[in-house]
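Please look over the sequence and the structure before reading on.

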Amino acid sequence: QEEIGRAIKPFYGDAAEDKLSGLLKGHIMIAVDLIDAAMKGDNANKDAAAGRWTTNADSIASFLSSANPTNWPLETMKGMMHSHLDLTTREVVAHLTKNWEDDVEAYDKVHEQILMMADALTAGITKQYPNKVKKP
C-alpha cells in the first residue's frame, strides 16, 4: 500500500501519497475483518465489513478520479474497484469452502484484473504527465 502511494508522489505530491496509502491500508484491514467474520460465521459483522469495503473502494475510486478526472473517470474507477471486490470475494469464498479448483481460478482472475488496473493507472498518468514519464 505504501509503495503504491509512493508511486504517485512524483505526480500528485506528498498529500496524495499519504491519502492513497491510507485508503489502501484501510482496504486491506477491512478485508481482514471481513474474512475473520466469514470464518467465524458472523454474518452481521461480515455484512458490515462488506459495506465498509465497498465504501472504501468508492473512496479510492473518488480519490483517483479527482486526481486525474479526464483519464480516470469516476464511474470507470468505481467499476474497476467493484470488480476487484467481487473477484476477491469469490477467491475468499472458494478458499474458505476448500474449493481449490475455484480458488486457483479466482486467484488468476484477481491477478489479471489487478494488472489491468495497474495498466489503466499507468496509462492515465502517462497521458496526464507525458513529460514526467520516462519512455522505455
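Which residues have the most contacts inside the largest nonpolar core? They are Tyr-12, Leu-20, Ile-60, Phe-63, Leu-64 and Trp-72, in a core of 25 residues. The model is predicted: local features need pLDDT of at least 70 and side-chain atom pairs count only at pLDDT 80 or more, while totals for chains, interfaces and linings use all residues. Residues are numbered from 1 along each chain as its sequence is written, and side-chain values use heavy atoms, leaving out hydrogens and water.

**The nonpolar core**
- A nonpolar core is a set of buried Ala, Val, Leu, Ile, Met, Phe, Trp, Tyr and Cys residues joined through side-chain atoms within 4.5 Å.
- Buried means under 20% relative accessible area, with a 1.4 Å probe and protein chains only.
- Phe-63 is in contact (heavy atoms within 4.5 Å) with Ile-8, Ala-16, Lys-19, Leu-20 and Leu-23, leaving aside its neighbours within four places in sequence.

**Aromatic rings**
- Rings of Phe, Tyr and Trp (its six-membered ring) pair if their centres lie within 6.5 Å; planes under 30 degrees apart count as stacked, over 60 as edge-to-face and the rest as tilted.
- By this rule there are 4 aromatic pairs.
- The ring centres of Phe-11 and Tyr-12 are 6.5 Å apart and their planes are at 55 degrees, so this pair is tilted.
- Tyr-12 also forms a tilted pair with Trp-72, at 6.0 Å centre to centre and 50 degrees between the planes.
- Both Tyr-12 and Trp-72 are buried.
- One aromatic cluster is formed by Phe-11, Tyr-12, Trp-72 and Tyr-129.

Note on methods: Buried means under 20% relative accessible area, exposed over 50%, partly exposed in between (1.4 Å probe, protein chains only).
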